[in-house]
Each structure stands twice: as structure tokens, then as C-alpha cells.
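Biologist: I would like a close look at a single part of this model, starting from one residue and then following what lies around that residue.

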Amino acid sequence: METAAEVVPPRTHYVNAKYGVKSWLLTTDHKRIALLYLASVTFFFFVGGFFAVLIRLELLTPQGDLVQAETYNRLFTMHGVVMIFFFLIPAIPAVLGNFLVPLMVGAKDLAFPRINLLSWYIYTLGATFTVIAILLGGVDTGWTFYTPYSSTYSNGNVILTGLGVFIVGFSSILTGLNFIVTIHTMRAPGLTWFRLPLFIWSHYATSLIMILGTPVIAVTILLLALERLAHIGIFDPALGGDPVLFQHLFWFYSHPAVYIMVLPAMGVISELVANMTRKNIFGYKFVAFASIAIAVFGFLVWGHHMFVSTQSVYAGMVFSILSYAVAIPSAVKVFNWTATLYKGSISYNTPMLYAFGFIGFFIIGGMTGLFLAALGVDIHVHDTYFVVAHFHYIMVGGTIMGYLGGLHYWWPKISGRMYPEGWARFAALVIFVGFNLTFFPQFLLGYMGMPRRYYAYPEEFQVLNVMSSAGASILGIGYLIPMIYLIWSMRYGPHASANPWGAFGLEWRTSSPPPTQNFEKTPVVTWEAYEFHPREEREALGVMDVLDRTLRPDLNVGDRG
Amino acid sequence: MATHAGLAHHFDDIEQQREAGTLGMWAFLVTEVMFFGGLFLAYILYRSKYPTEFAVASNSLNVTMGFINTLVLICSSLTMALAVYFSQIGNRRLITVFLLLTMVLGTTFLVVKGFEYHEKYVEHHVPVRFPTYEFKWEPHGSDHAGAHEASSLAVDTGRVEMFFWLYFAMTGVHALHMIIGLGILTTLVIMTRRGRFTPEYHSPVELSGLYWHFVDIVWIFLFPLLYLIGAHLHR
Amino acid sequence: MQLSIPFSPDQASSYSGRVDALFAFLCVLTILFGAVITLVIIYFAIKYRRRKEDEIPRGVEGSMRLELFWTVVPFLIAMGIFLWGSSLYFTMYRPPDEALEIYIVAKQWMWKFQHLDGQREINELHVPVGRKVKITMTTEDVIHSFFVPAFRIKMDVVPGKYSTVWFEPTKAGRYHLFCAEYCGTGHSRMIGWIDVMEASEYQAWLAGGAAEGSLASSGEKLFQQLACNTCHRSDAQGRGPVLEGLFGKPVQLSDGSTVIGDENYIRESILNSQAKIVAGFQKPSIMPTFQGLISEEQVLQLVAYIKSIGTKQPMEGGAAKPQPPTTQQ
Amino acid sequence: MREHIVSPKVYFAVFTALAVLTVVTWSVAKLDLGFLNVVVALTIAVIKATLVVLYFMHVRWSSRLTWVFVCTGFFWLAIMVALTLSDYLTRGWLTIAP
């Protein structure tokens, strides 16, 4: 990877434009807010990871020797709550999305910069409540908060945690709202919808889910908290209430929330695959519409979490068939990414390694989703480790791979420095191996019948559990390495040029790191998305300037003052 | 278009800013629809499951107060619309007048609602289980208008309590929105007094208007659902 | 600690094999699909690896035919899986007509079984091999889930209602019963056993057990203790509907609708007499509600009793006669 | 697009319609129309809400995008209600639990 080796004169960019704590905490610059989010979600990733470590240690032996059952229940609950609401949901949209959406659409900022800052403060407030709940002993309901356990029987800090989730939901709503308005109203001249990067399409789809789904979980959690406070409520069988209604309301959000987590990762992968092969995505429009289709269909399938919940058999069938419908656009994406490789110029840089990993994990995660949507099979594997393995393949194997891939890919843009490529490839490999060793055995465990959320388990499950725990220790180390070298590179990494990858896209047409205003002057877009041409075609088309600017970083340092 | 004091740095012109604001507000209102939607869903479900109890409980509400409140809210929507109108034509004095009128009407609504809540509290119709206060449903207890005398024995108390639970949840969340609305209106009055709004730039008034009308719409549905359906029974 | 890695749980019910068949099909599909994509990716990644740092490949147009191909074919396969899965689901959740009936009351953190003959068991259920067993379940507290991996069945047990599940054991043995829905501190201790016995052994076990009469006879005793029989008389002269011949038949209600007189209806009527009033009877019902007064197990006994008289004919007429309104207590 | 200024006359007309409809729904509620009571009450509510959305909230003069957003909100609400009811209304068909 070539880097600007010559001494670079100091230049004003968003990081050094202002100094001091206040300049960060009161900033309305989307790039700085992205970094605030980066710090927050990283913190919560390691908090959630810490719980995961304890869970895996506990499961080494069948009897449960390390902690009490009560403690274990709190561990997996807090692991779920922290990872889902405070890491996975905000991870890609609030960090990479926040940083890149304005850059990619050629805007100076998001439509509502102060609301953007507010969303981070709301996140922090929600996080504070949750951290207080953790410090007071946590909560033991499972992240699903099923009634009547959560409303009546649990003795954990349900209300406090619920409040945290309720509040953080609004930060998600505000982020989504900001993206939607920005993408609609602030695209640069010439940047039509079908010239948008697929990252933007997937973020648009994600934002739709955020504004349509999140309010429902908010009101559900509110009803739950009120029910706990009043000692009576609408999910209480004593009043003729139906606990299953809670599950409907909960999953109406929480299933689409899975797509909040994975759609942005798909957007990242589309960027990586296109730019690391230097080709337009095969079937651009299909991939773009697949994102929207996933967002829409994602709202129609929540009942597949409730096949054994005493839900009506007929509703079960409706939800099952719709679940298969949502599988199709996901499959279409995988096919198109694969086809994009054909006759490409495929780089083996770290981001691309993550993209390969993502596709592999996503195939397994997605295909096992077909198992779970098949009514007869779901009866057996529902609420077992099979489900646990399935959603970790999507969440960890999908979202986190996409997140790390994207973080590496845009790291030069974010920090202005290159990360150490050797270490990065090594870490990607460690994560790949550790991940499979952790979660693949869990498919077998689930099929064998080990229910999830078990503190102690029959002895025949031990071998697979030990394998899983061993894998988790490798995975844990795999996650620590990037954190160390990325922090290291912020100070010691070689300076990055404006476009170290030879990538397409507006964000690579401004300096690294970008100036506070993003672009020296508002870009005018005259090209299609990922419009790579070989040199001779470029000459014939007379588009030399545009593409050579993207591909010849040495020509692109003019704006360095 | 000339640059305006209200134009934020990241927009190209005031038109783009206005468009973004309107779209943002509508997106927010969509989330509000879904927020109330969860409550409406629960209500529809239980209402259809337990029609008798819900009708009986519903008939113990004070329909007159609900009716007055509906008119009050519709009036406040009118005054809000007029405030927006005067912000469009730039009449600063009348903006203030109509915003204040809207606030007065909004407060009236809340006061009437307060009386209703108090009545329910006295009758022990607040659905909680506290050592000091418990929900009670007396066969002949609260009989303003004698609404449910004949039928009160026939019902399951739990389901009546369910109605009141939903009643308080729905009207409570609605009232909370009203209170937030009053806060927003106060800010608008101050901004108007400071001469922030001109015919070119008055988005805050317009967007707050959208919010206020939305809260009105929620009540337009709450009134028949909570007070009216089933009013023909047991009369 | 066993050192072999297990791959498949026991197949011990008539249903297990059918689930495993679909599961195996899905595994094959996953492997095929995964292998094809992976091999294609590896092939492309090697063949089209970047050779020069600044090379740019010639663009490739998308292909409508390919897109249609890989939209339609997966869709058809998915529909096939859907139909297959649904047929299994229906088999599972349509209870058989003739079955050995067992009742479960779950609570934190144990399974309480009641046999019709009166045997009660905790965390251990004895059933004969080769007979269909239908389980009717409820819970005293939170949601639990009845899960027997060897039978490939699972059903949530939800407070406030009866849910049912059935199975037909095909192999004698001892199989795990798990609670699969998280239910609190002792969730992982809520494990039991299903003992599937040969018919003769089962008979012996039955003969050894029954201490306190059948479930229905306990229910009958309770029926008298609670003075139900003063109103629900078999001669249609009581103030309540005749219960003989009720079970499984349609019941005409006062609001014009009909319900089937099943377990859930009987349970609801006992606990909340106002819920569904039989046509021709006084509204409000004069029957007290038993919500909170009797336990789920007692309700079960009453249900079993009413069920046991369900095949009897009422003494007179056949249908319950409405009573003139009587004074309230 | 320039914003459309609605004349106060329109506002007063809409207000009158809303007030009249409120009185109508209140009076009709006392008559016994069987299941029609619900239908009438909700129809009037929908008409009132539509009037507010179209005139007070200016949607009648708004861009297509605004229309799409308004419709999306109610459409998604319909999805939530319809699919949840698809469970509750079909539970009796094959009883595994009420």
C-alpha cells in the first residue's frame, strides 16, 4: 500500500480544527460525533464481551461452578442488552454511517447536526441508566423481557434497564430520521438515486426500520415498566391479559431490529466488494432494491419467533411463508457480490478479507435461518443453542465482520493514518478461526437439544461446550488485536493519502482526514456509481480527470495546503 | 435567494432547509403514529375480546367532559393553523396572539383532563395495586348518569380494570404530548417576541403546528374509542 | 465427560424421523449452496487477483437473466421447504382423536404431571411405548416450555390458558425433558425425564402407583366440596347448565355465538363465570368466580371430572333448559 | 417548491366541519345501531383526521414525498394490527391454545 512518504505540511482538518474537551462534547460536526459514537460503542463492545467471557467460562463444566445461577442469568441478559442495544444497533449506522453518509452524498453535514449531537447524548443517557442497572446487580429477564416473568416475578432491575433501552431507542430514531432527510434533500448536484453508493441505499433502508419499528419497542417497554410499577397491567393473565401480546409487540420491533444490525453491514460489504475488485456491483439495482425489500419484508415476519408460543397455527404459516420471502433478497445480494468478483481486480487487503469472511458467515447464518423458518424443524430447535448459533452467525459473523471491515477500509479517511496491514490480516484470520470454533459447535448442541439460557446442562453436552469456550478465547484475542493496533496507528501509523485504495466514491475525493466542511467546494456528480473504466476506455470517454483523481493519489494532494 | 439569518451553514439555501425540516417532522410524526399504534393495537385487541366489560367500563367515563375536550382541542388546532398563517404573512403580533390562544386552549384541555382523572381517583378506578390504594369496582359505587347500574354485576372486574389501564395509558401518553406541545409553544412565543420569524423563515412555527395537529388527531381517535363506542348500551 | 461428539439426539417418537428428514434435506441444501458459492469465490479470487496496483478491469454488465434465475430458483426451493415444514407443523399441533391424556401444571421450577388414573409425578413422566399421548398444560406462574428433544416436540406453557401437544413414543427408554423458555433462577434445573416403557411394564407401573383415585374422581369430590353440584345438576332442574354431555360439543352462548366445550372453555368458565354465559341463563351469571380460590391443579381435576361425564347423556331432554331468573344470594 | 399559503377562510370551514362532525358522532353514539355504532364512530373519526391532515397540516398542497410518508405511517400501523390479529382471529380454528 503506497502512502504519502514525503513530509506533509500541517493542514487543517476536522480533527485539528479545534481543540479541547468542549470542542468535542459540543460539536455538531457529524465526523466528530461519529468518533464520539466510536468511543462509546467500543466501550460497550468490551463490556458486553466481558460478560460473554464469563458466560463461556461458566459453561466449561456441566454443573456450573464459577458463578451462581442467578448471576449467570444476569450475565447473559446483560450480554444481550448491552450488545444489541448499545453496540450492534448503533455500531455501523452511528459510527460509519454518521461519518460517511454526508461525505458520500456530497453534503457538508447531516440535515440536523444538533439533533445528531442530541442523539449521542440520548444514547449516553440511556447507557448511563443501563450501567447503573448493571452496577446495582443487573437484570435477569433475558434481553427479550418476556412477561409475566419480567413484569411480576423477576427481582432484577427491570425498570431501570427498560428505561435505558427506552431512551436509547430515541437516539436510534433520531439517527434514522437524520439519515432519511439527508439522503432525500441533501444529495450533491447530479447525484441521482441510482448513482448513490449502495452503502447509502442500505442506510436508507435501515433508517426506515429505525423510525418505523423503534417507537413500538419504546411503547412496549413503557407498558412493561408501568405494569411492574402498578403491579397490574395488560399482559397480566389475572386481568384476562395475554402474555403472548407482549411477544407480538416486542418482536414487531425486535425482528426488524435484526435488519437494523445487518443491513448496514451489507452496505459496507457492497462498498468493499465493488472497490476492492474495482468493478461496478453486478446488478446494482437489484442489490439496491434488495435492501429496501429486506426492510419492508422484515416487518412482516416477526411471528417466526413465536411458532411454539401458543400462537395460532395459521398465523404461524403466514409468518413462515413471509420469512421465506425475506430470504430471497438476502440470497440475491450474496449472488451479486459473488458475480461482482468475476473478471475483477481482486485485492487481498484486510477489508476484502473481512468481506470474504462476511459472505461465508452470512451464507451459513442465512441458510440456518431457513431451518428456523421451517415450521416443523423450528419446533425442535427453537430456543436451543441452534438459534443462538444462528443469530451469532448473523450478528457477530455478519455485523461485526462488516463493521471491522468497514472500519479498516475507512480508517485512513477517519484518522488520516494507515493501520499495519500485516497485523490486520493476522487479526482477521484469528477472528475467522475463533469465530467458527466458537459458534459452529453450538449448531450441533442445539440440534442435540441443549436449550439456551441454561446455567447447568447434562453431561453429554460438555465436549461441544468446551470447544465453543476454547473458540471464544481465540475470538476474544482476535478482537483485542485490532483495538490495539488501530489506537497505535492513530499516532504512529503512516500518513494516508486522500485515496489509498484507488477507490471510487465521493468520500475518497476529499482529503484524509476531511476538512470540517467535508469538501473544498460542493462536488458535482457526472458519473455513475462505481464507474471504473480501464485507462483506454477512460481516454475514449474523456473522463480521465475524474478517474485519475480517484486512482492516482499522488495527483490528489493538492488540497493539502 | 439571499442568505437569511435563520439559514444553517450546511444548507445551500432556505428552500432546502425548509424542505428538510418538513420532511424531518413528517418522519418524526410517522414514528409517533407507530408509538401510539402499539397502544391502539392493544386496545383494539382487548376491546374485541371483552366487549361487555369494556362497554360497561367505558360508560362510567364522563362523556360530557370528553366531548368538551374534543371541541377545545379542535379549537386549538384552528388557532394553531391561524398562527401558522400569520407567520406566513409575517404578522408578528397576531402570531403571538394565536400562539397564546392555542396555549390557553391546550391548558384548558389538561385542566379538564385533570378533573376527569381526579374523579377516577376518588372512585378508585385508577388501576394500580398499592398497599394504600387499590382499584375497586363497586356494583353501585360510582353512578354519575347511572351508566352501569344494571350491568355492573355482570362483568369481570379484572377486565374492567384492563379497560382503565388502557384508558390511563393512552390518555396519559396523550396528555404528556400535550404538555410537551405547550413547552414548544412557549419557546415559539419567545422566539416570536424576539422577531425571529419572517415570511421567508418561519419553519419552527409551521413544524410545531404539524406536531400540534398530530396530537389533536390522536385525540380525535381516542374520544370515540374510549368514550363513545358502547355508549348506546345500558342507557 | 463423554469424549465422543454427538451429532443427533435419539429418535424416539413417530415424529422424530420426519423432522430429521427435513433437517437432513436442509443440511444438504446448505452444504451444496455453501460449497458452490465458496468454490466460485475461491476460484474468482485466485483467477482475478490484482496483478498490478493500478489496474482497472473492464466493467461487466449485469444480467437480467441471471438475476431472474437466482431470484426464482431459490424462491421455488424456499416454497418447497415451507410446504414441507408446514405439513410437519400441522401434524404436530393437530391433536389425535384417541390418545392417552396427561395433564401438566408447570411452576417455577418443576413439572407436575397428573395421570387420568390419579398418579401424580414430579419431573418424571411414565408413558407406554407405541401409544399416542396428548398433553394438556398450564402454569401457575411464568411461561415455561415443554421440550423433549428425542421426540422433537416443544410447546410453550402459558399462564392463563391450556396449551396442548402430543407425541407417540416409538422406543422405550429414558429421555430428557427440558424447560426451553427462560423462567428464572432455576430454569436450568427444570429438567425432567420421560420414561417410555413397554406396555406390560407400564401396566405394572400403573398398578403400583395410584394412591388416591383417578383424576376425575378427585374432581368429583371437589365438585361436591365446592357445592358445584347444587346448581349444575344432571336433571336440568338446577340453576346452572347441565354439564353431562357438554365436553367437546358446541355450546350456544347468550350473545348468539357458539363455542366448543373444550378444556379451555371449562377452565375459563370456572375461573371467570361471567366470561361466556350459556344461552338461556341469567346474565349476570350467579355463579361465583373461582379465580384465586382454587389452584391450577384443582381446576384440572374439575376439568377432568367434567370431561369424564362428557359422554353421559343428561337425564332429561338432552339440552339444558333455561331457568327462570332467581333472586341473587 | 414554494409553500402554499392557505386562506383563513378554509381553516374556518374545516373547523366548522370538524365541530359539526364531533357533535354528530356524540349524538349518534347514543342511538343503538348494533355493530354500526363502531363503524359510524370510526368513520367519522377517520374523516375528521383526514380533514386535519389535508388542510390544517397542508398535506393537500405538499409534495408527493410527504404523501408517501403519511401513507407509510398508516400503512405500517395497518401491517402491525393486521398481522397481530391474524394470530388472534385464527386461534379458534385449530385449538392448541386460546
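Modeller: Phe145(A) has its place in the loop between H4 and H5 of chain A, where the helices (H or I, at least four residues) and strands (E, at least two) are DSSP runs numbered from the N terminus. This is a predicted model, in which local features need pLDDT of at least 70, side-chain atom pairs count only at pLDDT 80 or more, and totals for chains, interfaces and linings use all residues; pLDDT itself is the predictor's confidence in each residue, from 0 to 100. Residues are numbered from 1 along each chain as its sequence is written, while chains are lettered from A and ligands numbered from 1 in the order in which they are written.

Although not a glycine, Phe145(A) has a positive phi of about 50 degrees. Phe145(A) also counts as buried because 26 other C-beta atoms lie within 10 Å; a residue is called buried with 20 or more such atoms within 10 Å, exposed with 12 or fewer, and partly exposed in between, the C-beta atoms being placed from the backbone. Pro148(A) is likewise found in the loop between H4 and H5 of chain A, and a cis peptide bond, with omega of about -5 degrees, joins Thr147(A) to Pro148(A). As background, most residues other than glycine have a negative phi, and most peptide bonds are trans.

Val139(A) is placed in the loop that runs between helix H4 (113–135) and helix H5 (149–153) of chain A, and Val139(A) is buried because it has 27 C-beta neighbours inside 10 Å. Leaving aside residues up to four places away in sequence, Val139(A) touches Arg74(A), Thr77(A), Met78(A), Ala133(A), Gly156(A), Asn157(A), Val158(A) and Thr161(A), a contact being counted when two C-beta atoms, placed from the backbone, lie within 7 Å. Val139(A) and Leu160(A), separated by 21 residues in sequence, are 9.0 Å apart from C-alpha to C-alpha.

Elsewhere in chain A, helix H3 (residues 69–105) packs against helix H7 (residues 198–230) at an angle of about 125 degrees, the axes being 10 Å apart; axes are lines fitted to C-alpha atoms, for helices over the stretch in contact, and angles run from 0 to 180 degrees between N-to-C directions. H3(A) is therefore oblique to H7(A), since angles under 35 degrees count as roughly parallel, over 145 as roughly antiparallel, 65 to 115 as roughly perpendicular and the rest as oblique. On the H3(A) side of this packing stand Pro93(A), Gly97(A), Leu100(A), Val101(A), Met104(A) and Val105(A), which meet Phe199(A), Ile200(A), His203(A) and Thr206(A) in H7(A). The residues of this contact of H3(A) with H7(A) divide into seven nonpolar, three polar and no charged, where Ala, Val, Leu, Ile, Met, Phe, Trp, Tyr, Cys and Pro count as nonpolar, Asp, Glu, Lys and Arg as charged, and the others, Gly among them, as polar.

Asn123(C), which is not a glycine, has a positive phi of about 60 degrees and lies in the loop between strand S3 (120–122) and strand S4 (124–128) of chain C; with 15 other C-beta atoms within 10 Å, Asn123(C) is partly exposed. A cis peptide bond with omega of about -5 degrees joins Gln108(C) and Trp109(C), and Trp109(C) lies in the loop between strand S1 (100–107) and strand S2 (110–115) of chain C.
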